[in-house]
Amino acid sequence: MNKHLMRKMKSALLASYLLPMLLGLYLVYESGSAEGSLALIIVFLLALAGNFLYGIPVSFLIDAITKKVDRFHFLLSGFLHILFALLSFFIIKEYSFFAIICAALFFLSEEWQKVKKQNFKWKPMIVKSIFMVGFTVLTLYLSLYMHELLEKKTNEYYLIPAGYVGGVTVIYDIEDEPQPNKVGDYNVIKINDQGYGLTALPEPEGTFNNKYYYIDEEGRKEKIKEKCIHIGSSGSTSNDDRDFLYSLFTVINSNCTDHFSTYGSQYLEDHSIGVEEILQREGFGDFGY
């Protein structure tokens with residue numbers, strides 16, 4: 001087998017092994033346990049596929065590009081390995097974070113294999129490796145920034161009657177409703193004292209990035225803490241004419257905890273109105289109420 005291909009295959013294998021190992025060490029540091037072994041195995045398999053199907057061909061391409069470069073070969077080759085990994089962002093989105101780490105491990109592994117049979121000098125290689133790690137970290141931050149910049153966000157700004165506690169229903173894409181006011185980049189959705197709101201907005205997509213406020217009769221607002229909001233389900237219902245899209249959440253104003261925010265509360269007395277009853281009240285057909 002071609003020695004260059006063998007070297008790249010070894011680099012791909014090593015990078016695929018090291019990625020879940022580093023991730024596992026991080027998880028142990030964060031949680032104090034080694035749970036999630038299955039997820040690490042999946043990471044290994046995905047890294048293996050990526051390194052062999054994308055990493056090796058790209059590495060051969062970079063070798064061809066940098067073939068005549070001598071003095072700055074290490075820097076240019078390392079830069080291109082990381083650049084091609086960053087470009088994978090447009091295909092695999094946030095998972096390019098792992099592709100960048102794999103690219104750095106792949107490149108460093110190959111470079112160490114190249115020099116071990118030559119007149120090896122520790123200091124230059126270590127300095128170059130440190131530089132490569134630093135450049136990789138900067139690229140990781142760039143990847144996260146790109147994801148943050150391009151990611152869709154819901155950006156809804158809820159105004160809820162002061163003191164209201166219970167379930168909230170929002171029904172979207174109601175043509176007769178006026179276009180919502182905006183607060184900066186956020187669309188305002190007003191909730192009435194019966195716990196629901198209608199909006200002309202389409203159902204939102206993307207990461208939840210909403211803001212929630214209590215508002216009293218004089219227009220004074222009080223921000224509701226994230227721990228006081230539990231995001232519920234979304235769905236649709238229909239009559240003979242059309243489908244209605246809706247989403248649900250629950251708001252409380254005391255005993256707000258991370259547990260409530262994540263799981264809600266089965267003990268909360270909820271007097272909110274069901275979606276179909278809301279639609280019937282608003283004149284969108286007979287739903288049996």
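**Reading the model, feature by feature**

Modeller: Let us begin with a pair of charged side chains: R7 and E110 meet in a salt bridge, with 3.2 Å from N to O. The term salt bridge is used here for a side-chain nitrogen of Lys or Arg within 4 Å of a carboxyl oxygen of Asp or Glu. This pair links distant parts of the chain, since R7 belongs to helix α1 (residues 3-31) and E110 to helix α5 (residues 96-115), 103 residues apart. Helices (H or I, at least four residues) and strands (E, at least two) are DSSP runs, numbered from the N terminus.

Colleague: Before we go on, what kind of model is this, and how are residues numbered?

Modeller: This is a predicted model, in which local features need pLDDT of at least 70 and side-chain atom pairs count only at pLDDT 80 or more, while totals for chains, interfaces and linings use all residues. Residues are numbered from 1 along each chain as its sequence is written, and side-chain values use heavy atoms, with hydrogens and water left out.

Colleague: Which residues are linked with E110 in a network of salt bridges?

Modeller: The general idea is that side chains of opposite charge can pair when their charged atoms come close. In this model, the network of salt bridges links R7, K8, D63 and E110. Within it, K8 forms a salt bridge with E110, and their closest N and O atoms are 2.7 Å apart. K8 lies in helix α1 and E110 in helix α5, 102 residues apart, so this pair too links distant parts of the chain.

Colleague: Are R7, K8 and E110 buried or exposed?

Modeller: Buried means under 20% relative accessible area, exposed means over 50%, and partly exposed lies in between (1.4 Å probe, protein chains only). R7 is buried at 15%, K8 is buried at 0%, and E110 is buried at 1%.

Colleague: How many salt bridges does the whole structure hold, and where do E277 and R281 lie?

Modeller: A search of the whole structure finds 6 salt bridges. One of them joins the side chains of E277 and R281, at 3.3 Å from N to O. These two residues are 4 residues apart in helix α8 (residues 275-281), and therefore about one helical turn separates them. E277 is partly exposed, with a relative accessible area of 23%, and R281 is also partly exposed, at 46%.

Colleague: How should I read the sheet, and in what order do its strands come?

Modeller: Two strands pair if DSSP finds at least two bridges between them. Here 5 strands form an open sheet with mixed pairing, in the order β3-β4-β1-β6-β7. The edge strands, each pairing on one side only, are β3 (182-183) and β7 (221-223). Strand β1 pairs in the parallel sense with strand β4 (residues 186-190) over 4 bridges, where E156 stands opposite N187. Strand β1 also pairs in the parallel sense with β6, over 5 bridges, and there L159 stands opposite Y213. Strand β6 (residues 211-215) pairs with β7 in the antiparallel sense over 3 bridges, and Y214 has E222 of β7 as its bridge partner.

Colleague: Why is strand β1 described as largely enclosed by the rest of the structure?

Modeller: Strand β1 (residues 156-161) is described in that way because 6 of its 6 residues are buried. E156, Y158 and I160 point one way from β1, whereas Y157, L159 and P161 point the other way, and all are buried.
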